[in-house]
Amino acid sequence: MKSDQGVMGIFSYVDSTIHTIKKLKKEGYGNLRAFSPVPNHQIEEELKEHESPVRFFTLTGGTLGAICGLGFTVFTSLAWPIMTSSKPIVSLPPFMLIVYELTILLGVLSTLIGLFINARLRRNAPAAMYDPRFSEDKFGVLVGCSKEDVRKVEEILKSSGAEDIKFEGI
Amino acid sequence: MNQETTITYSKVNRDIIKMLDKPSSKWLALFLFDLAVLGIGLFCFIYQVYTGLGVTGYSHPVFWAVYISNFVFWVGIAHSGTLISAILFLFRARFRISIYRISEAMTVFAVATAGLFPLIHLGRVWNFYWLFPYPNQRELWINFKSPLIWDVFAVSTYATVSTVFFFVGMIPDLAAIRDRVLEKPRKILYTILSLGWKGSNWEWLHYTRAYLYFAAFATPLVISVHSVVSWDFAMANTPGWHTTIFPPYFVAGAIFSGLALVITLVVPIRIIFRLEEYITIAHFEAMAKMIILTSLIVAYAYIVEPIMSWYSGSPHEWGQVVFRATGPYAPFYWLMVFCNVVVPLLLWFKKIRTNIKALFIISLFINIGMWFERFNIIVISLSHEFEPGAWGFYKVSLVELGITAGSFAWFFMFFLIFIKTLPALSISELKEILPAPTKEAKSE
C-alpha cells in the first residue's frame with residue numbers, strides 16, 4: 001500500500017491503543033508505529049516485525065573483545081620476551097583476565113552502538129508528529145497511508161477513542 | 001513504590017521533575033561547604049606533588065596506606081550500584097526501581113573518586129599514563145602478569161560500563177524532562193542528552209533488549225572487579241594478604257558497604273524531596289535484609305581468616321592474626337568487627353530495620369567499619385611482615401587526611417549536582433510498575 005501521508009491518533013488508554021492497532025491491521029494498514037511512555041509487551045507483540053538485531057552487535061563486540069584481549073597480551077609479551085621467575089612468556093591464566101575485561105568492554109560498547117543505530121537515536125530533535133505527552137501519560141498510533149485513505153483512517157482512530165488526531169505528509 | 005495511593009503517570013513526571021527545580025539556599029550553602037572541603041583536598045594534593053610523598057605518613061615498611069585504603073573503599077562503594085541496577089534487574093526484583101538510579105549515580109561517582117587514588121598515590125603523578133598499554137619508542141609494553149595492570153583494565157572497564165548503563169537507563173527520562181521544561185538553555189541541554197528519544201515501539205524494542213544485555217554484562221563485571229582488586233593483595237605473599245578467600249570476601253564486603261552508603265544517601269533525599277510515596281519502608285527493609293546477608297558473609301570471612309592462618313601452621317600468618325587483635329592497631333580491628341558484625345545484628349529486629357532513623361545510623365557505622373576494614377587489611381599486614389627487624393608503624397599525616405576529606409567532597413560534589421540536574425528516580429520504570437491506564441479500569 002502506498003504510504004505518503006501520516007495520521008497520528010493520541011489515546012489516554014493502553015487498551016484503546018491496542019484495540020486500534022488490531023483494527024488497523026485488520027483493515028490492511030501495515031505501516032504502523034506506536035508511541036508510549038513505557039514499554040508495553042502487548043503493543044510490541046502486535047507491531048513486532050522481527051527480533052531486535054542489537055544482539056548481533058553484542059555478540060560481535062564481545063567476540064572481538066575476546067580476540068583483541070588474547071592477541072594483545074600474547075603479541076606484546078612476545079614483542080619483548082623477558083623470562084621472569086621461570087614463568088612462560090605467554091602465560092595464559094593472567095591473560096584471561098584481560099580477555100574477560102575486554103570481552104565485556106567491547107560487548108557493551110558495541111551494544112550501545114547497536115542501540116543507537118537500530119533505534120535511530122541520532123537525531124537530536126523529535127519528529128514533527130511527535131507529541132510531548134507521549135513521555136508523560138499518552139499513547140499514540142501513527143498510521144502511514146495514501147492520500148485517499150486519510151479520511152478512513154481518521155474515522156477508525158476516532159471510533160476507537162482517539163482524543164486528538166494529527167495529520168502530516170510523510 | 002506504594003501503589004495503594006493514587007499515583008498516576010502524570011504525577012510521577014511531576015514529582016520527579018520537580019526535584020530539578022531551582023536549588024534552594026540550603027542546597028547552595030551545602031554545595032559551597034562541599035567545594036571548600038574539596039579545596040582543602042586540592043591544596044593538600046598540590047602541596048604533596050610539589051613537595052613529594054615525604055609529606056605522607058609512609059615509612060618503612062608501610063608504603064601502601066590511606067590512599068590505597070581509600071581506593072579500595074570507593075571501588076567497593078561502587079559495587080552495590082551495579083548490584084541493584086543489574087543483578088536485581090535480572091532477578092526481576094521490583095523493589096530496586098525506586099532506588100536504582102541513585103545507586104547507579106553513586107557507582108559512577110564512586111568509581112570517579114576511586115580512580116583518583118592510584119594517581120594521588122604515585123610519586124610522579126605526571127607519569128600515570130605508563131599504566132596504559134601504548135606504543136612507545138622502546139617497544140616496551142606493560143606487564144600483563146601484574147595484578148596492578150589487571151586493576152587498570154578492570155576499573156576502567158567498570159567505569160565505562162557503569163557510565164554507559166547509567167546514561168542509557170536515563171534516556172527516556174531525559175526525554176520526559178525535555179518535553180516538560182520551558183527555559184531554553186535547559187531545553188537545549190535535555191534535547192541533546194535525550195538523543196531524540198520519542199518512545200516509539202521501535203525504540204522501546206531495541207532499548208529493552210540492549211538494557212538486558214548491559215545488565216547481563218555488568219553482572220559478571222561486578223564480581224570480577226573487586227576480585228581483581230583483592231588480587232592486588234592476595235597475589236603477594238605478605239602474611240594477612242596471601243589467602244584464597246580474598247575475592248569472595250572483598251566482593252561481599254563491597255556490596256555490604258555500597259548498600260550502607262545507598263541508605264545513607266537515600267534517607268536525606270527521601271526527606272528533603274518528600275518522596276515517601278516512592279521510596280517506602282518496604283524498600284529500606286529489603287536493603288536492610290541484603291545488608292544482613294552480606295554482613296553475615298563478611299563475618300564468616302572474619303572468622304575463617306584466623307582459622308586458616310592457624311591451620312596453615314605458618315608462624316608469620318598466625319603472628320599477623322595475633323598482631324591485628326592485640327597490637328597497636330587493635331582498636332581499629334575491633335572497631336571494624338563492632339561496626340561490620342555486631343551493629344548489623346540489630347537489623348534482625350523488624351522494628352529496627354523498619355525504623356528510618358535507626359537504619360541511617362546503622363549505615364553510618366557500616367561506612368566507618370568498612371573503611372577501617374580496608375585500612376586494617378592494608379596497613380596492619382604491611383607493618384608486620386616476616387622479619388621482626390623490618391616491622392614498623394604507620395602514622396597518618398595531615399596531608400593524607402586532607403586529601404581523604406577532599407575525596408569525600410569530590411564524591412558529594414557530583415552527587416549534589418546530580419540530584420539537581422538529572423532524574424534521581426527512574427520515571428519510566430516507576431510507571432512500569434503502576435497499572436497501565438485502561439478504559440476498562442476507568443469504567444469500573
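## Contacts and overall build of chain B

Two residues are in contact if their C-beta atoms, placed from the backbone, lie within 7 Å. By that rule, 82% of the contacts in chain B between residues at least 6 apart in sequence join residues at least 24 apart. The model is predicted.

Chain B has 17 helices and zero strands. Its C-alpha atoms fill a box of roughly 85 × 55 × 40 Å along the principal axes. The radius of gyration of chain B is 23 Å. A compact globule of 444 residues would have a value near 22 Å, so the two agree. Of the 444 residues of chain B, 48% count as buried.

## Where the chains meet

Thr58(A) gives a local view. This residue is found in helix α3 of chain A. Thr58(A) has 25 other C-beta atoms within 10 Å; the cut-off for buried is 20 or more, so Thr58(A) is buried. Leaving aside neighbours within four places in sequence, Thr58(A) is in contact with Gly107(A), Ser110(A), Thr111(A), Gly114(A) and, from the other chain, Tyr213(B).

## Nonpolar cores

In soluble globular proteins, nonpolar side chains tend to be buried together. Here the largest nonpolar core has 145 residues. Val161(B), Phe214(B) and Val262(B) touch the most other members of this core. Val161(B) has partners in both chains: Ile104(A), Leu105(A) and Val108(A), plus Phe217(B), Ala218(B) and Leu221(B), not counting residues up to four places away in sequence. A second, separate core has 22 residues, including Val14(A), Phe139(A), Val141(A) and Val143(A).

Val72(B) is another buried residue, with 28 other C-beta atoms within 10 Å. Its place is in helix α3 of chain B. Beyond four places in sequence, Val72(B) is in contact with Val229(B) and Arg374(B). Val72(B) and Trp371(B) are 299 residues apart in sequence, yet 8.6 Å apart in space, C-alpha to C-alpha.

Chain A is divided into domain 1 (5-51 + 127-169) and domain 2 (54-118). Domain 1 of chain A is made of two segments. The C-alpha centres of the two domains of chain A lie 45 Å apart.

Helix α5 of chain A spans residues 150-159. Which residues of α5(A) are buried? They are Val153(A), Ile156(A) and Leu157(A). These three cover an arc of only 95 degrees around the axis, so they sit on the same side of α5(A). On the other side of α5(A), Arg151(A), Glu155(A), Lys158(A) and Ser159(A) are exposed. Just after α5(A), Gly161(A) takes a positive phi of about 105 degrees.

## Backbone exceptions in chain B

Most residues other than glycine have a negative phi, and most peptide bonds are trans. Chain B has a cis peptide bond between His60(B) and Pro61(B), with omega about 5 degrees. Pro61(B) is placed in the loop between α2 (25-51) and α3 (66-90) of chain B.

Two arginines of chain B have a positive phi. For Arg92(B), phi is about 55 degrees, although Arg92(B) is not a glycine. Arg92(B) is in the loop between α3 and α4 (100-114) of chain B. For Arg274(B), phi is about 50 degrees, and this residue is not a glycine either. Arg274(B) is found in the loop between α9 (246-272) and α10 (281-312) of chain B.

Are these arginines buried or exposed? Arg92(B) has 7 C-beta neighbours inside 10 Å, so Arg92(B) counts as exposed. Arg274(B) has 11 other C-beta atoms within 10 Å and is exposed. The cut-off for exposed is 12 or fewer.

Notes:
Residues numbered from 1 in each chain as written. Chains lettered and ligands numbered in written order. Predicted model: local features only at pLDDT ≥ 70, side-chain atom pairs only at ≥ 80, totals over all residues. Helix = DSSP H or I, 4+ residues; strand = E, 2+ residues; numbered from the N terminus. Rg over C-alpha atoms; globule rule 2.2 N^0.38 Å. Domains from an automatic or database assignment. Arc of directions from axis to C-beta. Core = buried A, V, L, I, M, F, W, Y, C linked by C-beta atoms within 7 Å.
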